[in-house]
Amino acid sequence: MKTIITLLCTLFISVYSFCQEITTKHVVSHNRETIVTDPTRGENEYPEWAVFPSENMQIRKILMHITLGTPDSLSTAHWDYLDHINLKRKGGVSGKVFNYEIGRMLTPYGSLYGEGWEFKWTVDVTDFSMLLRDSVEIEYIHSGYETTSVGWALTIDFEIFEGTPHIKPLKIQPLWSGRFDYGNPENPIEKALALITFQKLPESGISRMRIQHTGHGMDEPRACSEFCSRWREIFFNGKMVQHKELWKNCGDNPLYPQGGTWIFDRALWCPGDLQEPDIINVYPREGVNTFGIQMEPYTEENYDQANESITAYLIQYSEPVSKNDVCIEEVITPNNRPIYNRSNPKSFDAKIKIRNLGEDELNTLIINYWTKGFSKKTYKWKGNLKYFEATEIILPGIIESEAGKNQFLVECVKPNGKKDAWEGDNTLVTTFDSPKEMPEDIIVEFKTNNNPSDNDLYVLDFNRDTLYKKSAKSLIADTVYRDTLHLPQNDYELYLIDTAGNGLEFWYMQEQGYGYLRLLDLQGRLVHNFEKDCGDGQILAFRTIQGYSCDTTESLYDFILYPKISEGNFVLDVYSEKKEDMEVKVTNNEGLVEKYYYYDVQGGKFNLDLSHRPDNRYMVEVLMDGEQKFMTRINKRTK
């Protein structure tokens, strides 16, 4: 059995007078376990036993962290498969079987990732705290049919926060669970999603539906269920309590770029996504109550495989134990966690997420926030949050920092002007990097692709004034813009926006060509290079320094190989800070097939002609003065 690693986390108690110590326990069920598919069955099970806290320990919150990485002995897996994390059994090998889905992972397109890569996602699983006790078997089910020569290194880490629960769990029971045909005239989904009744417990005050729902499979012509937007309605005692569009934007995925069609929006999921469940709280009446689901009507006479994967649970709780109880769930900015890399680093306007855990509506809150080593700031929030409702709050002002790593602290006090019932989750500390340092004079070099009407580019100062802008309406296709900016020493933010969600380059959309965005100093040295395959765009927080001195010990480069799929003609676009000899190697599974040499290269476009080679997947490696600086995959494919 796995052991519990106990960490005692005291969050600057002595220095900042925070009132309660927070004790967390980490229970790791899977520790870099290599997982692969079973192509003979389409799924593969990975069960592990772990020892959770005993029944008498009070639990405030449980977070489940899922990490996928490159295995030690295999290449990273390629495909976006639907995986389930299940609480299989409790109480030892002869204990009760549950098979409750506590998490849903959609794997990324991992072909771009190599040795040392990993990414971590987090989801709150406190609703299962009644069952995550003592000996529990946690099972990860990995679906798919790809070769067993690729896989993932899987870690499942439960972070358990000890403390007084804000609400007492009484009973948990399954509602619906399975894959249900969608659009099949011979097996309508309405029949499968029948109304469910339950009896209210005498001591129950709140009942909660926790539902995971994703759409899969494609029927023509609507491409349902994976690529068609439609609605779902949830009813409690005959009254609609949620209307939801089953659609998710994928262009803002924090895990980017990926190897496949990661930018395509999907039916409530994206590749590389630990799904957040929907939570619906209701107040049951005495006796019998009902839950129901209604899907948008849809029938396809040529039905093939469209299906809705739905798992839902009912948890009956007591009333909230306190009148006034607020928690800070996350500091979104500033924060170095990769899951928030779309908004970090940040120069100004910190952002936090709070949740009301008290019975009384939350109307006022005092929020103190500061960077360690700098003065404390205070923000007085006003709003209307009912029990368990959450909101994101902007904390105005410059995010002060020293060069390098810093700590940002947030403290929530006096909910509704009262003492908080449990202060252990009123404070959060994050680590963050200071904005990137740059010279006061920079050159913005922006090449548009063939669809510049998708893009806006602008720079803001600390007053949110726009100092520089390239608007979508003014841009010309396939054009290089070079502008020199003088930005006096201060903090700034640069935004690249792509309203189509397909970045400056996307391998699947060859017709849009490619673009790039680079920041240079006046000597032409590369100060910052933006990712081209960036979906919805990017943000760069930076700080200009008077007398900035560029690091000349290491040269920076920019390489673009386009297109990624061609009948044989490829273009390598190169930017180098100094003249160097360049070697380009093209290989396939059988070894080296092409080699090119170029002398004194500092920039330009170079043609790679593979039209005489057979259709295949090739790797292209670029070496500058003998050192590898770039590698990517291309496909030679005859139409």
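User: How many aromatic pairs does the structure hold?

Analyst: This is a predicted model, where local features need pLDDT of at least 70, side-chain atom pairs count only at pLDDT 80 or more, and totals for chains, interfaces and linings use all residues. Residues are numbered from 1 along each chain as its sequence is written, and side-chain values use heavy atoms, with hydrogens and water left out. Rings of Phe, Tyr and Trp (its six-membered ring) pair if their centres lie within 6.5 Å; planes under 30 degrees apart are stacked, over 60 edge-to-face, and the rest tilted. On that basis, the number of aromatic pairs is 26.

User: What is the angle between the planes of Phe236 and Phe291?

Analyst: These two rings form a tilted pair, 5.1 Å centre to centre. Phe236 sits in strand 16 (residues 231-236) and Phe291 in strand 20 (residues 288-295), so the pair ties together parts 55 residues apart in sequence; strands here are DSSP runs of E, at least two residues, numbered from the N terminus. The angle between their planes is 45 degrees.

User: Is Trp507 buried or exposed, or in between?

Analyst: Buried means under 20% relative accessible area, exposed over 50%, and partly exposed in between (1.4 Å probe, protein chains only). Trp507 forms a tilted pair with Phe506, at 5.9 Å and 50 degrees, and Phe506 is buried at 0%. Trp507 has 22% relative accessibility, so the label is partly exposed.

User: Which residue is the bridge partner of Lys90 in strand 7?

Analyst: Strand 7 (residues 96-106) has 8 of its 11 residues buried, so it is largely enclosed by the rest of the structure. Strand 6 (residues 82-90) pairs with strand 7 in the antiparallel sense over 8 bridges; two strands pair if DSSP finds at least two bridges between them. In strand 7, the partner of Lys90 is Lys96.

User: And which residue of strand 18 is the bridge partner of Met105?

Analyst: Strand 7 also runs antiparallel to strand 18 (residues 273-274), joined by 2 bridges. In strand 18, Met105 has as its partner Leu274.

User: How far from Asp461 is the nearest side chain of opposite charge?

Analyst: Asp461 lies in the loop between strand 31 (455-460) and strand 32 (466-470). Asp461 is buried yet has no salt bridge, meaning a side-chain nitrogen of Lys or Arg within 4 Å of a carboxyl oxygen of Asp or Glu. Lys and Arg count as positive, Asp and Glu as negative, and His and the chain ends are not counted. The nearest side chain of opposite charge is Arg464, at 6.8 Å.

How values were computed:
Helices (H or I, at least four residues) and strands (E, at least two) are DSSP runs, numbered from the N terminus.
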